[in-house]
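Visitor: Pick one part of this model and take me through it up close, please. Once we've seen it, carry on from there to whatever else deserves a look.

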Amino acid sequence: MENQNSIKIHTRLSNQLYEIGKLPPQAVELEEALLGAIMLEREAFDEIPFMRPQMLYKQAHVLIYEAFLDLQAAYSPIDILTVIMQLKKNGTLELVGGAYYISQLTNRVASAANLQFHAKIVQQKFLAREVIRISAKSMGLAYDDTADVFDLLDGLSADIFAIDEFIESRQPIKKMVALIEDERNNYYGRVNAARQQKLVGVNTGFVELNRITGGWKEPDLIIIAARPAMGKTALAVHEILEALKSSYDKNQGVGLFSLEMSAVQITERMVLVKSEVHSGAYKFGTLGNGETEMAELARHELAQLPIFIDDTPSLSIFDFRAKARKLKQQHDVQLIVVDYLQLMTATNENGNRNGNRDQEIGLISRGLKAVAKELKIPIIALSQLSRAVETRGGEKKPQLSDLRESGNIEQDADTVIFIHRPEYYGVMEDEEGNSNAGIAELIIAKHRNGAVGSVKVKFIDKLTKFIDPRHGQELFPKSEQENAVSAIVPNTMFLRDPSQPNSLTEIEEDPF
């Protein structure tokens, strides 16, 4: 009983964060001017798309703004008369002060010239109130001895994450002329990369997969999915090491969020892949002297690489976002890998797990895509497949519908790749009679910005390692190189003379 009283006291104290005698942050006069300006000027409402009813402090103003939204949804004009009629329809006219109060609002402002300025101040006051509300809520829960501190932190992260919805986007709307310049620079960047045998994106480590995808590009969300024991983690390790091996900027790192295996286990996998020693002998400590030296050399090389591993189990999407931001800011990571998606969690606005798993997975997949877009890096998320693959006849090749909670994951992913090893299911020959021993197929089932298809690679079980059978081949065939345009000098274009295939003619005027 004493403990309960103590909690009540502390909760009451935490709710008194506002100083005595002071009101919460607000700007009621600007709210009045804002509402009046919207009713005076026909286009005013469209100039503040970031405004929401709950941003207004006075409850009457919230109801009036909701009437604005109702009128907009009905494609009706917003003025004094229509607003009064809509409030009557909503049954809230008397609650806001009647028709007289509505008419008085238009007297608060002469024009809508300063509308956006006023709206931003109202927004900032709202955000200040939200910070106080979240702080008060967190303080009250922190005093509760029965509350789990980690659940408290998850809830706090969720509340802070939710505030982003009310922050005006700082990305300006661009005109087509600016977009054309950006698109042109991107294109000729790819041309120059092709001429120099470089990838636009992060190297996948497989020549054929690079040709199809162009490498892992920002801000893509790439899903690599398979049934258990197909080699998802092995492929993730392969992608991390290849990304660092071929990086042009040695200061850029790679982040790995391992929800299934510990950081030490992941490091062990990397040592095995790097040293190519027998995994069984390594695990039982029976390596020969030569293999022990190879393992030690691999450890030394790995210690120099900028790889950052987080092995927090049941990581929430909100914690992931915060940690990913820090990785990008502090280490400029070029790629992030998540192993694996279904082990992540999401919380609702109350800081509790969402009971609907489909909705929770949807929040996670959307969150991963949002982080990729925000940080401008590719994110690879491993994913489990359903048991439907096992019950299917034939070669048991995975399909998009086999993704667990496939609707959400498939929708948010830019690329979906399945790992398929026919040998695992006892299919020892392909349709052409070739042996499937040690063969793994990377099936590109979805590619938002390119072609789909499949790539065959080698999988060495004793090394838990994928190998590219075309390793050492050029990224682009000579026929493709000949079609590539030379490096572009700023503000200058080059055209090829058809009569002289090896010559380029410079022209001063931009043909576009």
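**A loop and its surroundings**

Guide: Let's start with P228, which is partly exposed at a relative accessible area of 36%; here buried means under 20%, exposed means over 50%, and partly exposed is anything in between, with a 1.4 Å probe and protein chains only. Before going further, a word on ground rules: this is a predicted model, in which local features need pLDDT of at least 70 and side-chain atom pairs count only at pLDDT 80 or more, while totals for chains, interfaces and linings use all residues. Residues are numbered from 1 along each chain as its sequence is written, and side-chain values use heavy atoms, with hydrogens and water left out.

Back to the loop. P228 sits between β1 (221-226) and α10 (232-245); helices (H or I, at least four residues) and strands (E, at least two) are DSSP runs numbered from the N terminus. Setting aside residues up to four places away in sequence, P228 touches Q384 and Y424, where contact means heavy atoms within 4.5 Å. Then there's S386: 158 residues separate P228 from S386 in sequence, but C-alpha to C-alpha the pair is 9.9 Å apart in space.

Now slide along to G231, in the loop between β1 and α10. G231 is buried, at 16% relative accessible area. With neighbours within four places ignored, G231 is in contact with I419, R421 and F466. For G231 and I419, the C-alpha atoms are 7.6 Å apart, across 188 residues of sequence.

Most residues other than glycine have a negative phi, and most peptide bonds are trans. E218 and P219 are joined by a cis peptide bond, with omega about -10°, and P219 lies in the loop between α9 (207-213) and β1. Another cis bond joins D339 and Y340, with omega about -5°; Y340 is in the loop between β4 (335-339) and α15 (357-375).

As for phi, E276 is not a glycine, yet has a positive value of about 60°. You'll find E276 in the loop between α11 (263-275) and α12 (279-284), partly exposed at 42% relative accessible area. D332 has a positive phi near 50°; D332 lies in the loop between α14 (317-331) and β4 and counts as partly exposed at 30%.

Last stop, a helix pair: the axes of α6 (residues 115-142) and α7 (residues 149-163) come within 11 Å and cross at roughly 170°. Those axes are lines fitted to C-alpha atoms over the stretch in contact, and angles run from 0 to 180 degrees between N-to-C directions. That makes α6 roughly antiparallel to α7, since angles over 145 degrees count as roughly antiparallel, under 35 as roughly parallel, 65 to 115 as roughly perpendicular and the rest as oblique. From α6 the contact uses L127, E130, I134, K137, S138, L141 and A142, and from α7 L152, L156, D159, I160 and I163.
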